[in-house]
Amino acid sequence: MKQVFLKITKNEHLTKDVLKMVLKGDVSDIKAGQFVNIKIEGEYLRRPISVCDLGKNTLTLIYKVVGKGTEIMANMKKGEVLDVLTGLGNGYDLSCAGERPLLVGGGVGVPPLYLLAKELKKQGKDITVTLGFNTKDEIFYEKEFSKLGKVFVTTVDGSYGIKGFVTNALENVDATYFYSCGPEPMLKALSNATKISGELSFEERMGCGFGACMGCSCKTLTGNKRICKEGPVMKKEEIIW
Amino acid sequence: MVDTKVNLLGIELDNPIIPASGTFGYGYEFAEFYDINMLGTFSFKGTTKEPRFGNPTPRIAECTAGMINSVGLQNPGVEKVIAEELPKLKKVFNKKVMANVGGFSIDEYKEVCEKLDKEEQVGWIEVNISCPNVHGGGMSFGTDPKSAFEVTKEVKKVTTKPIIVKLSPNVTDIVSMAKAVEDAGADGVSLINTLLGMRINLKTREPVIKNVMGGFSGPAIFPVAVRMVYQVANAVKIPVIGMGGIATAEDVIEMMMAGATAVEIGAQNLIDPYASKNIIEDLPRVMKKYKITSLKELIKGE
């Protein structure tokens, strides 16, 4: 865990309400599946955002405008400096991937899978990615992912790719392990639809984001866990649905 | 040179800064950010007889200049706190810690206090009779002077260390609560716990907090806290620990001018893990600015 001050170099729309922010500075303490917690002027609590990508000195975040905090973020300008807590949460366990990992993301659950895909690609894994969106207009990062593995896109309304949910794209996938992030109903459906083991990234309203307030706790088969500390990534086998 | 030392019920603190229970875990999360030995002390996570998960989530809500929590005393239970948390804390904290105790019956308060009283690391016991997040629990002791008297008297019988009773602001007359626990033998009081609050999500038309209501804290409640500390400090002879919305070294001085011997820092630790450290480091500057050479001179009766 680390408090760093990062400068915005880019903050642009990918879709109507999803934005990509690139920040520059000390990003040494970050890995795939973790999140950062951002101080937002005018709001009391920080806002936790998952890590999408890392460069040498850059951090990419993709976030959806869902409330006041993210609305303020959407209006931030290039050059502004943010107070950011980094290195939060456990992140994905890459050692479990096997040879043919499957990555499944839904909506704003897609971003954290990108850095993971890059890391797995570096290890020479044969990656399959399934990205689920509601409609064609909401799709982002399909091209980026297709450089790293085989990509299936699903849309609920059928306006692009496979019609339906991410689980509709799993039929012919022969994977060794899965990694996922997305809304809870999607995670549950995915967990039920897969015979293989895997990891799922959850979200919850947080107070501190670093394990102090116990605001984001959940019950698991391996005991009480804090989403921000022992999570956000949980093993399929320990989740109580 | 200014002197930030204060004496809290027989133990000298390097400074009056005490991170409040529920905002500092059992200390070691913060030890990853800085050396927590610089603190006066801290009050550890409210501990009960049995392990508790607490309330269903979501149990955190954003507010203007503050937050609502309805955690509901999640903790591993007193046995595990003694067996696991205190040894872990010992590795990163070499001062006396304040043990915070929650409960649902007088017997439970007694049992947990008696156990923690035997721990060498514990310097004071803060008895929380004011948690707004547990039904039929702490809060009922905290809103009725007779029950508050009773629990304090019983806890005093089984303990040797200073007993500080943590009071709720969710009462008509906080002075009568403070007097009741003083009469029962409390060595000190700490106040205020969180104010009962609520938020509603406009999109879903449902309360943000699953449990509907929760405890409101943060800078927004500071004036209420100053007022109550002032009222209580003028009515009792025992030391008062002031808390509620403290965010700066100036707030610390103001709270001490209201009558506090020491202060607890709560929600601010959650939005800035360095909050308590920054306040301690800023204290000498603020003291010089207001021509205060020793914090002891601010304390009533010193």
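This is a predicted model: local features need pLDDT of at least 70, side-chain atom pairs count only at pLDDT 80 or more; totals for chains, interfaces and linings use all residues.
View 1. Residues are numbered from 1 along each chain as its sequence is written, chains are lettered from A and ligands numbered from 1 in the order written, and side-chain values use heavy atoms, leaving out hydrogens and water. Lys118(A) and Asp53(A) form a salt bridge (a side-chain nitrogen of Lys or Arg within 4 Å of a carboxyl oxygen of Asp or Glu), with their closest N and O atoms 2.7 Å apart. This pair ties together distant parts of the chain: Lys118(A) sits in helix 2 (residues 111-122) of chain A and Asp53(A) in strand 4 (residues 47-54) of chain A, 65 residues apart. Helices (H or I, at least four residues) and strands (E, at least two) are DSSP runs, numbered from the N terminus.

**View 2. Glu154(B) and Lys157(B) meet in a salt bridge inside one helix.** The closest N and O atoms of Glu154(B) and Lys157(B) are 3.0 Å apart. Why are these residues separated by about one helical turn? Glu154(B) and Lys157(B) are three residues apart in helix 5 (residues 145-157) of chain B, which means about one turn between them. Look at the contrast in cover: Glu154(B) is buried at 13% relative accessible area, whereas Lys157(B) is exposed at 58%.

**View 3. Asp187(B) reaches Lys156(B) through another salt bridge, at 2.8 Å from N to O.** Distant parts of the chain are linked here, as Asp187(B) lies in the loop between helix 6 (174-183) and strand 9 (188-191) of chain B, and Lys156(B) in helix 5 of chain B, 31 residues away. Both ends are partly exposed, with Asp187(B) at 23% relative accessibility and Lys156(B) at 24%.

**View 4. Glu43(A), Arg47(A), Lys68(A) and Glu62(B) make up one network of salt bridges that share partners.** Over all chains, the count comes to 30 salt bridges. Side chains of opposite charge can pair when their charged atoms come close.

View 5. Most residues other than glycine have a negative phi, and most peptide bonds are trans. Pro232(A) belongs to the loop between strand 14 and strand 15 (233-235) of chain A. Pro58(B) is placed in the loop between helix 1 and strand 4 (60-63) of chain B.

**View 6. Leu9(B) and Leu73(B) each have a positive phi although neither is a glycine.** For Leu9(B), phi is about 50°. Leu9(B) is in the loop between strand 1 (6-8) and strand 2 (11-13) of chain B, where it is partly exposed at 24% relative accessibility. For Leu73(B), phi is near 60°. Is Leu73(B) buried or exposed? Leu73(B), in the loop between strand 5 and helix 2 of chain B, is buried, with a relative accessible area of 8%.

**View 7. Met213(B) lies in a loop between two strands of chain B.** The loop runs between strand 12 (206-207) and strand 13 (214-217) of chain B. At a relative accessible area of 40%, Met213(B) is partly exposed.

Conventions:
Buried means under 20% relative accessible area, exposed over 50%, partly exposed in between (1.4 Å probe, protein chains only).
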